[in-house]
Amino acid sequence: MKTTISHIKADIGSLPGHTTVFSPVVKEVEEYVKKHSAGLLTDYHISSVGDDLQITMIHHEGVDSPEVHELAWNAFKAGTEVAKKVGLYGAGQDLLKDAFSGNIKGMGPGIAEMDITPRKSEPFIVYMMDKTEPGAFNLPIYKMFADPFNTPGLVIDPNMHEGFRFEIWDIQEAKKIELSSPENQYDILAMIGSKGRYVVKRVYTRESHEKLPDENVAVITTDKLSLIAGEYVGKDDPAAIVRIQSGLPASGESLEAFSHPFLVSGWMRGSFNGPLMPVGLNNAKMTRFDGPPRVVALGFVLKDGKLSGPVDMFDDPAFDGARRTAIDVVDYLRRMGPFEPHRLPDSEMEYTTLPKILETLGPKFVKIEDAPKKAKKLAESTKDFD
Ligand code: F6R
Ligand code: MG
Ligand code: MG
């Protein structure tokens with residue numbers, strides 16, 4: 001029977017700043033889902049990373065189910081009431097609309113959902129990041145499903161040898177493209193290196209996959225809060241569901257993609273590059289410089305609609321090295337203060353509060369009369385674009 005895994009997340013208030021969720025709020029959301037999910041969900045799990053509350057749901061309603069979306073929306077609403085009562089910071093922050101209107105997309109929360117044909121044993125990992133953006137998943141998803149130095153299964157396992165198909169979204173132009181690895185590897189990389197614009201949305205197996213032909217095996221939240229709200233309301237801390245084993249990346253091949261703390265954008269005020277630090281749930285609170293950006297991995301097995309787990313995968317000394325490197329990178333970068341490339345380039349500061357500061361300086365600018373001829377000419381020829 002077709003089964004759907006839906007993961008919906010939102011920041012509905014945190015304490016003391018954008019640091020961590022508040023347990024009574026988590027409890028309220030959990031109680032709401034428990035009370036209202038009978039006959040709709042076959043199972044669910046509530047967790048949190050930094051200031052984001054995360055709901056993983058299993059059901060048979062298919063993706064984009066109004067009932068499932070509404071349940072998550074109402075659970076976040078109920079949690080927001082508790083957050084407001086105790087004065088949590090940013091209570092209800094990601095709930096951008098007043099009333100639910102059939103689909104939670106574009107209303108603030110992040111959504112990753114996929115319809116699956118469950119295998120005899122259906123293991124998967126939910127990755128949840130805080131203080132970064134959906135494009136932060138481009139590199140690790142590529143490594144898991146396309147890089148044989150990360151995933152030797154691509155070389156060794158006949159079911160993986162054909163590679164995988166990537167669905168990539170251009171989130172600025174609202175367009176998508178499908179490209180396959182290995183034959184389109186360079187084209188895939190030509191796009192997804194620009195992680196603020198091109199984001200991997202889904203990964204599929206090939207038709208020739210013996211055990212799981214043409215199946216969706218990974219999905220990432222791609223919601224852009226700033227484009228919805230028109231101003232900075234927090235980076236869109238993303239989440240992903242990745243199915244593993246048996247002709248897909250092994251659990252350890254999937255985790256291996258996070259063994260090097262690569263740089264992502266987000267962190268303080270959504271305006272800085274910083275290393276992505278893999279942590280267990282116990283260390284999933286955002287402290288230094290509101291970070292550093294973190295990723296948690298929860299491992300589940302699904303059978304007959306029921307979840308076993310989760311296993312807190314990065315809660316392990318095997319990732320101590322990655323954490324140490326991340327802190328070294330933090331020390332190195334922080335000494336640059338507000339300078340690029342620690343601070344994001346202008347193009348990515350557009351939806352932060354910086355343009356408000358620059359606007360106030362506009363009237364104080366005067367023309368440079370003795371500017372070199374060439375510069376003046378250039379200014380003339382580009383004045384239509386000012
Ligand atoms: C980043 C984030 C925080 C805030 C920062 C300032 O995604 O949420 O780093 O941007 O704490 O927050 P405000 O402006 O709310 O005081
Ligand atoms: Mg936040
Ligand atoms: Mg967050």
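User: Is Asp52 buried or exposed, and what is its relative accessible area?

Analyst: The model is a predicted one, and the values discussed here are computed from it. A residue counts as buried when its relative accessible area is under 20%. Asp52 falls under that limit and is therefore buried, with a relative accessible area of 0%.

User: Which residues coordinate the magnesium ion (ligand 3)?

Analyst: The donors of the magnesium ion (ligand 3) are OD atoms, at 2.0 to 2.3 Å. In sequence, the donor residues follow the spacing D-D-x77-D-x106-D. The residues that coordinate this ion are Asp51, Asp52, Asp130 and Asp237.

User: How many residues apart in sequence are the parts that Asp52 and Asp237 tie together?

Analyst: Among the residues coordinating the magnesium ion (ligand 3) are Asp52 and Asp237. Asp52 belongs to strand E3 (residues 52–59), whereas Asp237 sits in the loop between helix H6 (225–229) and strand E10 (239–243), so the pair ties together parts of the chain that are 185 residues apart in sequence.

User: What is the relative accessibility of Asp237?

Analyst: The limit for a buried residue is a relative accessible area under 20%. Asp237 counts as buried, since its relative accessibility is 7%.

User: How many residues apart are Asp11 and Asp51?

Analyst: Both residues coordinate the magnesium ion (ligand 2). Asp11 is in the loop between strand E1 (3–10) and H1, and Asp51 is in the loop between strand E2 (41–49) and E3. The pair thus links distant parts of the chain, and its members are 40 residues apart.

User: At what angle do helix H1 and helix H2 pack?

Analyst: Helix H1 (residues 23–36) meets helix H2 (residues 66–85) through Pro24, Val25, Glu28, Val29, Tyr32, Val33 and His36. The residues they meet in H2 include Leu71, Ala75, Ala78 and Val82. The crossing is right-handed. The axes are 8 Å apart, and the packing angle is about 145°.

User: How far apart are the end C-alpha atoms of helix H8?

Analyst: Helix H8 covers residues 320–334, which makes 15 residues.

User: What arc do the buried residues of H8 cover around the axis?

Analyst: The buried residues of H8 are Ala322, Arg323, Ala326, Val330 and Leu333. They lie on the same side of H8, because they cover an arc of only 95°.

User: Against which strands does the buried side of H8 pack, and which exposed residues does the face turned away from it carry?

Analyst: The buried residues of H8 pack against strand E11 (263–266), strand E12 (272–275) and strand E13 (277–278). The face turned away from the buried side carries the exposed residues Arg324, Asp328 and Tyr332.

User: How many of the residues of helix H3 are buried?

Analyst: The buried residues of H3 include Ile141, Tyr142, Phe145 and Ala146. These four are also among the residues that Phe166 touches. Helix H3 (residues 138–146) is largely enclosed by the rest of the structure, because the number of its nine residues that are buried is seven.

User: How far apart in space are Phe166 and Leu179, C-alpha to C-alpha?

Analyst: Phe166 lies in strand E6 (residues 164–170). With a relative accessibility of 0%, Phe166 counts as buried. Phe166 and Leu179 are 13 residues apart in sequence, but in space their C-alpha atoms are separated by 5.3 Å.

User: Is Ala174 buried or exposed, and what is its relative accessibility?

Analyst: Most residues other than glycine have a negative phi. Ala174 is not a glycine, yet its phi is positive, about 55°. Ala174 lies in the loop between E6 and strand E7 (175–181). Ala174 counts as exposed, with a relative accessibility of 74%.

Terms used
Residues numbered from 1 in each chain as written. Chains lettered and ligands numbered in written order. Predicted model: local features only at pLDDT ≥ 70, side-chain atom pairs only at ≥ 80, totals over all residues. Heavy atoms only, no water. Helix = DSSP H or I, 4+ residues; strand = E, 2+ residues; numbered from the N terminus. Expected span 1.5 Å × (residues − 1). Buried < 20%, exposed > 50% of the residue type's maximum accessible area, 1.4 Å probe, protein only. Arc of directions from axis to C-beta. Contact = heavy atoms within 4.5 Å. Donors = N, O, S within 2.8 Å, 3.2 Å for Na, K, Ca; no water. Axes fitted to C-alpha atoms, helices over the stretch in contact; angles between N-to-C directions. Left-handed = near helix turned anticlockwise from the far one by under 90°. Lists of a residue's contacts leave out its neighbours within four places in sequence.
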